Each structure stands twice: as structure tokens, then as C-alpha cells.
Amino acid sequence: MLLWIVMAALTAAASLAVLIPLGRQTHAAAHAGAARSIYRDQLDELGRDRERGLIGDAEADAARIEISRRLLNSDSGATAETPPSRPAYRVERLGALVLIPLLAIGTYLYVGSPQLADRPIGSREAEPTAQGNVDDLIAKVESHLAANPEDGRGWEVLSPIYMRLGRFDDAVRALGNAKRLLGSTAERESLYGEALTRASGNVVTEDARAAFDRALKFDPDDVRSRFFLAVALGQAGRKDDAIAAWKALIASAPADAPWLSAAQAELAQFQPTSTVAATAPTAGPVAPGPTASDIAAAAQQSPAERQQMIEGMVSGLAARLDADPSDTTGWERLFRAYMVLGKPDEARAALSRARAGLAEKPELLAVVEQAARDIGIGKD
């Protein structure tokens with residue numbers, strides 16, 4: 001209602017802006033007409049006075065000249081401000097009073113949205129954020145799947161979203177349902193193995209290894225499966241097999257593979273850096289690659305996001321080693337990760353924690369000390 005009141009007021013103002021000048025012109029024209037009539041009457045009266053001898057010829061001529069001058073002036077002013085004829089004036093008034101409002105209303109109905117309800121600022125500020133929209137979308141898909149649990153495509157669409165959000169247990173469940181309903185493929189099996197690995201704290205479990213093996217039966221070149229199986233070899237302490245697996249993977253990598261630096265870093269855990277550089281198909285800085293590098297997401301992440309993800313993995317590895325310091329390979333990987341991240345103080349602090357945690361296990365501590373010396377943070 002307020003909008004229409006404002007529009008009516010604006011229309012009235014526009015109409016007045018047209019009508020007032022027209023009124024002024026009409027008033028000026030009427031005044032000029034009255035003046036001409038008076039001057040003509042004066043000329044007639046002057047002529048009668050001269051005929052009756054009431055005024056001399058010289059005075060009559062001077063008076064006629066002055067009255068004529070004034071009459072001419074009034075005629076010239078009237079010519080400059082000639083008012084419109086009565087029909088024309090009526091058309092202008094009609095345009096001002098009818099056409100202008102119709103034009104304004106028609107324009108608004110064409111470009112405006114009068115059917116929309118008012119939206120106070122409070123309600124607009126209460127609109128959900130982008131994250132809220134994502135949560136709402138996930139909730140809708142979950143509600144759909146609760147009502148239609150046999151929708152394999154729905155489970156497959158939802159699983160990568162769970163992975164990106166760090167909901168790995170939910171991703172395992174979704175991928176398991178997708179495999180059950182849609183059948184196994186190299187992609188589904190490798191994603192399922194990765195989800196199992198992430199859900200177990202970045203440890204490649206037996207179930208994850210079995211999933212990766214199944215994926216390789218469908219596609220022997222599946223990169224994700226080869227990557228995590230190489231990680232599994234290192235976690236199992238099979239150093240030579242891990243080195244061979246990493247070398248084979250790196251040798252087959254395209255020059256722009258987003259996971260290449262992670263694979264090089266994994267190989268660096270078992271070989272001096274110079275040897276790794278010699279075997280790598282491309283040169284460049286080596287990024288750390290803790291066991292659960294997210295290969296599927298790496299291609300879509302910015303460098304800042306990837307760095308944040310890697311640092312989060314390193315923190316998770318450190319927490320796991322503090323809880324169970326007997327993993328000597330894990331300590332070596334942690335030392336190298338800190339060095340590659342440019343955090344030698346963190347690496348030395350981790351070595352101190354390893355010494356404290358393995359004080360009663362000298363044989364394991366000796367392995368960790370040797371790894372630290374190879375990396376350059378221990379004492380000879």
C-alpha cells in the first residue's frame with residue numbers, strides 16, 4: 001500500500017510540473033490581451049478628443065506615438081508567449097492528467113514485480129548462509145534415501161560430499177550401499193577403500209586393501225588404488241616393496257599429475273632426497289604426503305587448501321604417534337613431513353617425544369634415532 005501511495009504522489013508531482021507552466025502562459029496571454037484592448041480604447045478616445053478640439057495636434061501626435069509604442073510592445077510580448085489554442089491546451093492537460101499516470105503504471109508493471117510480498121531487512125538478514133544451504137541439501141538427500149534406501153545413484157551422489165566434509169563413516173556406508181545396489185567398479189571400489197582408510201585414521205586396513213585389490217582387477221592402472229597400496233606396504237614395514245611400488249607409480253605419472261608430489265614425498269621416506277629427485281620424472285619442490293593424501297580432491301583444491309589438508313594430516317599422524325609411539329616408520333614419516341613443511345623445530349620436538357615414549361624400548365628407539373640422523377635432525 002505504501003508503494004502505491006508514493007507512486008500516486010510522484011505522478012501528481014509530475015503532472016503539476018507540466019500544468020503549472022501552462023497555467024502561467026495562459027495567465028500572461030490573458031493579461032496581454034487586456035492591455036491591448038485598453039491601448040486601443042485610448043487611441044479611440046484620443047481621436048475623439050482631437051476632433052472636439054480638446055487637445056492640440058502636437059499633443060495628440062505625441063500621445064498617439066506613446067500609446068502606439070505601448071501597443072506594439074504588448075503585441076510583441078504576446079507573440080513570444082502565444083498561448084495554445086483551446087483544443088491544443090485540452091490535449092496537453094489530457095496528456096498530463098491521464099497519459100503520464102498510465103505510462104508510469106505501465107512501466108512499473110512491465111519492469112517491476114508488484115506481486116512480490118514485502119521483505120523487511122530483518123527477514124533478509126535471517127536468510128541461510130551457503131553452508132546452511134549445503135546442509136539443507138544434504139538433509140533433503142538423506143531424507144530421500146531414508147524413504148528410498150534402494151536408490152543406488154542417490155548413495156553414489158552423496159558419498160563424495162561426505163568425503164569432502166570429513167564424514168568418513170557416512171561415506172563408507174554410502175559407498176557400500178552404492179556398490180551393493182549398482183555393482184562394483186574400479187572407481188567405486190577404490191573410493192570405498194579410501195573412505196575406509198580415512199575412517200580408520202589414515203591407516204590402510206585389511207578391508208581397505210581388499211577394496212583396492214578388487215579395483216585393480218577392474219583397472220590395473222587405477223591410480224588411487226596403487227597409491228594407497230604403496231602406502232600400505234610402507235605401513236607394514238615392507239620397505240623394499242614400498243620403494244618399488246612408489247617408483248613404478250611415479251614413473252607412470254603424467255608430468256602434471258596432482259598427486260605426483262605426494263608420491264615423491266612418500267618415496268622420500270625410504271630414500272635420500274637426491275635419489276628420489278633422480279627417479280622423479282619432473283623437478284620441483286616435494287610436498288609432504290602423509291598416508292591419506294586425498295587424490296580425488298587434490299585436483300580440485302587450491303594450493304592453500306591442499307597445504308591446510310596436509311598440515312591437518314601431519315597433526316593427525318603426530319597425535320597417533322603420541323598415543324602409540326612404537327610405530328618407527330610413522331616417526332620417520334613425521335620427521336620428514338615437518339622438514340618438508342619447513343618446521344625443523346617441530347621435527348626436533350617430535351624426536352624428543354619419540355625418545356620419551358620409547359625410553360623403555362631401546363631397540364625401537366635406535367631405529368627412530370637412525371631415521372632422525374638420516375633426515376638431519378638427530379645427533380651423530
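**Close-up views of an all-helix fold**

**Figure 1. The whole chain at a glance.** The protein chain has 18 helices and zero strands. What you see here is a predicted model. Of the 380 residues in the protein chain, 34% are buried. If we look at the contacts with a separation of 6 or more, 53% of them join residues 24 or more positions apart.

**Figure 2. Residues of the largest nonpolar core.** This core holds 39 residues, and the members that touch the most others are Val204, Phe227 and Trp246. At least two residues come from each of these helices: H5 (130-147), H6 (152-164), H7 (168-182), H8 (186-199), H9 (206-218), H10 (223-235), H11 (239-251) and H12 (260-268). H10 gives the largest share, with seven residues.

**Figure 3. Trp246 and its neighbours.** Leaving aside residues up to four places away in sequence, Trp246 touches Phe227, Ala230, Val231, Ala263, Glu266, Leu267 and Phe270. Trp246 is also one of the residues that touch the most other members of the largest nonpolar core. Apart from that core lies another, of 20 residues, including Val314, Ala347, Leu358 and Ile375.

Figure 4. Phe212, Phe227, Phe228 and Trp246 come together in one aromatic cluster. In total, the structure contains four aromatic pairs. One of them joins Phe227 and Phe228, with ring centres 5.6 Å apart and 70° between the planes, an edge-to-face arrangement. The label follows because planes over 60 degrees apart count as edge-to-face.

**Figure 5. Helices H17 and H18 packed against each other.** Two packed helices are described by the angle between their axes and the distance between the axes. For helix H17 (residues 344-357) and helix H18 (residues 362-375), the angle is about 165° and the axes lie 10 Å apart. Angles over 145 degrees count as roughly antiparallel, so H17 and H18 are roughly antiparallel to each other. Their crossing is left-handed. Which residues meet where H17 and H18 pack? On the H17 side they are Leu351, Ala354 and Arg355, and on the H18 side Leu365, Val368, Glu369 and Ala372.

Key
Residues are numbered from 1 along each chain as its sequence is written. This is a predicted model: local features need pLDDT of at least 70, side-chain atom pairs count only at pLDDT 80 or more; totals for chains, interfaces and linings use all residues. Side-chain values use heavy atoms; hydrogens and water are left out. Rings of Phe, Tyr and Trp (its six-membered ring) pair if their centres lie within 6.5 Å; planes under 30 degrees apart count as stacked, over 60 as edge-to-face and the rest as tilted. A nonpolar core is a set of buried Ala, Val, Leu, Ile, Met, Phe, Trp, Tyr and Cys residues joined through side-chain atoms within 4.5 Å. Buried means under 20% relative accessible area, exposed over 50%, partly exposed in between (1.4 Å probe, protein chains only). Helices (H or I, at least four residues) and strands (E, at least two) are DSSP runs, numbered from the N terminus. Contact means heavy atoms within 4.5 Å. Axes are lines fitted to C-alpha atoms, for helices over the stretch in contact, and angles run from 0 to 180 degrees between N-to-C directions. Angles under 35 degrees count as roughly parallel, over 145 as roughly antiparallel, 65 to 115 as roughly perpendicular and the rest as oblique. A crossing is left-handed if the near helix is turned anticlockwise from the far one by less than a right angle, and right-handed if clockwise.
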